Amino acid sequence: MYICVCKGVTDHAIREAVQQGAERMRDLKASLGVTEQCGICACHAKMVLDQTLLQEASARPQLPKSARSCEPTV
């Protein structure tokens, strides 16, 4: 589905950008040109970005707590 008609950006393109490291709207603007013209796509692009980041995070295997050596102890 087209998210940004001005730049011809699809939800698939946004998902690919996230897989390649995009984490913020600023990253999507730099790599895909999202929100550069009329800005109507901003809320939909943000929704796809957030959903994809959430899916990516849940797909990553979690390390056991004992293996997380970088966490500070309180």
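User: Which residues does Thr 52 touch, not counting residues up to four places away in sequence?

Analyst: The model is a predicted one. In this model, Thr 52 touches Arg 15 and Val 18, when residues up to four places away in sequence are not counted. Thr 52 itself is part of helix α3.

User: Is Thr 52 buried or exposed?

Analyst: A residue is called buried when its relative accessible area is under 20%. Thr 52 has a relative accessibility of 3%, so Thr 52 counts as buried.

User: How many residues does helix α3 have, and how far does it reach?

Analyst: Helix α3 covers residues 42-59, which is 18 residues. From its first C-alpha to its last, α3 reaches 26 Å, close to the 26 Å expected at 1.5 Å a residue.

User: Which residues of α3 are buried, and which are exposed on the other side?

Analyst: The general idea is that an α-helix has 3.6 residues a turn, so residues three or four places apart point the same way. In α3, the residues Ala 45, Val 48, Leu 49 and Thr 52 are buried. They lie on the same side of α3 because they cover an arc of only 100° around the axis. Cys 43, Leu 54 and Ser 58 are exposed on the other side of α3.

User: What covers the buried residues of α3?

Analyst: The covering elements include β1 (2-4), α1 (11-19) and α2 (25-32).

User: Where is Thr 35 placed, and what is its phi?

Analyst: Thr 35 is in the loop between α2 and α3. Its phi is near 70°, a positive value in a residue other than glycine. Thr 35 is partly exposed, at a relative accessible area of 23%.

How values were computed. Residues numbered from 1 in each chain as written. Predicted model: local features only at pLDDT ≥ 70, side-chain atom pairs only at ≥ 80, totals over all residues. Heavy atoms only, no water. Helix = DSSP H or I, 4+ residues; strand = E, 2+ residues; numbered from the N terminus. Expected span 1.5 Å × (residues − 1). Buried < 20%, exposed > 50% of the residue type's maximum accessible area, 1.4 Å probe, protein only. Arc of directions from axis to C-beta. Contact = heavy atoms within 4.5 Å.
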